[in-house]
Structures are given as structure tokens and as C-alpha cells.
Amino acid sequence: MSDPIFDQPRELEVPAPAPPAGALTLLRRPDFRRLYAAVAASELGDSLHYIALMWFALDAGGPLGVIAVRLADSIPAIVFGLHGGLAADRWSRKRLMVSADLVRGVVLIPVAIAGLAGGLPLWGLVAAAFVLETATSYFAPAYGATVPTLVDRDNVQQANALVEATAQALSIGGWAIAAALLAFIPVSVFFAVNAASFFVSAALIARLRHGREHDRHGAPPRLREGFAVLRPRPLLAAGVAALGVAVTITAGTWIGGVPTLVRDTLHHGAGGFSIVMAGYAAGSIASGIVLARLPIRRKARASLIAWVMYLPAYGLLALAGSLPLAVAGAFFAATGQSTAVVLLNSAAQEDVPDHLLGRVLGLISFTHRGAHAIRETLQLTEA
């Protein structure tokens, strides 16, 4: 029986917050389903594209050709990464994503034609890789800033984890499909497939009904505001710094260290390295599955803790005397990095105001992909 004096009137009761939606439940939302399908299509195309890109680069310029293409695929992150975040806060994010996809699709058409004709030069690969990564520098912050609008801020971790797990699974699937297709078609067809995947992605994103549009009457955003918003969020700022340091230090391991380990110490060939990389992808998938089911409250702090997984990862790689130990090390390395990246992006999407979110996500993308560029530049200098 209620007490009329001490009981709070029902109309004044604050309802309990709704629990976060399940990752697969989010796919019932039409706009997120379209965005998810768009990313899935382009990720599958990217997995085929990577094989064709590295093959043609090696054929045209040898090992230095591969390094040149990888540099062209990384440097735009440093040059355009921060401006991509600024653009995501200034213009329509949907139009920015569609434009980036169309640019990426169009630039691959002449590459595919030249490859099929047998006249694809190294400079053409370098130019295409540079343009593709430049467009990605504008797509990534706009995409990340759009996700909270479609799934609500309480569900961004589940959405990001679902996309991450799907992307890694499609990478493995794409490599398997590539192995089967190469028995029937030339590798240059993969450029055309990737171009088509970007056009499909653009068509799906163009159908989004919600998202931030360009405010013609608002003041132009300033880059320094994106840095200023991190001052009262020290854990988020520390997470960005930790991402840059960790990737800069360890990226070289996967560019040259692990292949050398597999070949010289474990005495395996390309097949053995493929198995190690499959272990890496499995670690990312496992991370995505766990984060899709287990909501984390203090995401920025958890992203810092996730890097602890690097201790068993690189310990196993350092002591690896057999292929299974190397695979286990790769698994833990991917689990740590994928968990840290998903939680760091989710922390920003959950906490940073929408009108500043593009610049913060642009900074995270700049730090992540820029660290790869720095490491690959150092590798080229050492070579």
C-alpha cells in the first residue's frame, strides 16, 4: 500500500534509462542498415583491391614499388586528415560521404582498364592510391559523426563493434574469394569490382534520411575548437595520444618484422604468413563480437587499458618458435588494438557535442592513419 505523504507522485518519477540496444537489433533501423550495407560493400571491394594493388606494385617496381604505393596510401592521412574532420562539421556529412565514394569509384575505372590492357604503370598506381586515401580522409570523419545520429549515442559502441567485426570477416572472406576467382579471371578485375563497390556504397548512403546537414548561416568551424574540446576530457585526450604512440611503434612489426619472423625463424612461406594474418583478423572479429554484446561504461579509460593486450601479444611473437605461437600473438595484438580503437571512437561519439564531433573524429583518424604513414616513411628511410 502506498504512503500518500512520503511516496513520490508517479508523474514526477524519472523513468529508468533504456538499456542499450543489441547490435543486430540496430539493423532494424533503416538508415543504419543502409550505412552498414554501404560499409560492408566497400570493405569487401577493398579486400580484393588490396591484393590487386600489391600485386601490380610488386610486378611494376619490386619491393620499392610496394613501399611507394604504401606511402601514397598513407601520406594523405597526414595532409588531409584534420581537414576531413573540419569538413565533416562544416558541410553535409551525407554529401561528403557520397562525394568521397564517387571519387574513389571514378579513379579506379582507368586503373582497371589499364590493368586489363596490360599497361598499368607504377606512377598510375601511386596516383590512384593517393587519391583513394585522400577521399577516405574525408569519408571517415563524416561516417563516424553520422553513426550517433542513426543509432543514438547510447548505442554507438554496439554499432562500431558490429561494423568492425563485419569488416574483418569480409576481409577474410574477400581473400578467400580472391583465391578462387584468380583461377578464372585476371587480378586487374578486382579494381573494377572495388569501383563498383564504391558506387553501391554511394547509392546506399544517398538514401539516408537523417544526418547533419550544412548550416549556411552558422559560423565556419575552426580546427582549434576540436583540440579545445579535449581539455576537459583528459582520458579521451590520453586515448588519442596512446593510439598514436602504440601504432607508430608497432606498425613496423607488421610491415617487415612478422614476415621476416615467419620466413627466417619459423621457416614458412607466404602461406604461413597468411595464417598469421588470419589469426590477426580473428582477433579483431573476437573483439567486435565481445564489444557488441558487452556495453562498457567508461570507454575512454577502457581504451587505454586495452593496450595491455600488447604485452602477451608481442611477448608471444618475440618467443615464437612455432607458427601457432605466432598466430596467438597476432590474435592478442589485434584484440588489443581493435578494442582500443572501437572504444576510443565510441567514447568520442558518446560524449563530444555533435557540432564538434567531426573534428575530434578527424583527429583520431589523423592520429591512427598518420601513425602508419610515419612508420612506413621510417621503413623507406631504413631501406
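## Order of secondary structure

Read along the sequence, this predicted model follows the pattern α-α-α-α-α-α-α-α-α-α-α-α-α-α. The chain accordingly contains 14 helices and 0 strands.

## Burial, contacts and surface

The chain has 383 residues, of which 50% count as buried. Its accessible surface comes to about 18200 Å², and carbon and sulfur atoms account for 67% of that area.

When contacts between residues at least 6 apart in sequence are considered, 87% of them join residues at least 24 apart.

## Packing of H2 against H5

Two packed helices are described by the angle between their axes and the distance between the axes. Helix H2 spans residues 30-72 and helix H5 spans residues 122-151. Their axes come within 10 Å and cross at roughly 155 degrees. Because angles over 145 degrees count as roughly antiparallel, H2 is roughly antiparallel to H5.

The crossing of H2 and H5 is left-handed. By class, the contact of H2 with H5 is made up of 20 nonpolar, 3 polar and 2 charged residues.

## Packing of H4 against H7

Helix H4, residues 93-117, packs with helix H7, residues 189-205, at an angle of about 160 degrees. The axes of H4 and H7 are 8 Å apart. The two helices are therefore roughly antiparallel to each other.

H4 passes H7 in a left-handed crossing. The contact of H4 with H7 comprises 17 nonpolar, 3 polar and 3 charged residues.

Notes: Residues numbered from 1 in each chain as written. Predicted model: local features only at pLDDT ≥ 70, side-chain atom pairs only at ≥ 80, totals over all residues. Heavy atoms only, no water. Axes fitted to C-alpha atoms, helices over the stretch in contact; angles between N-to-C directions. Helix = DSSP H or I, 4+ residues; strand = E, 2+ residues; numbered from the N terminus. Parallel < 35°, antiparallel > 145°, perpendicular 65-115°, else oblique. Left-handed = near helix turned anticlockwise from the far one by under 90°. Nonpolar A, V, L, I, M, F, W, Y, C, P; charged D, E, K, R; others polar. Buried < 20%, exposed > 50% of the residue type's maximum accessible area, 1.4 Å probe, protein only. Contact = heavy atoms within 4.5 Å. Areas by Shrake-Rupley, 256 points an atom, 1.4 Å probe, with all protein chains shown as cover.
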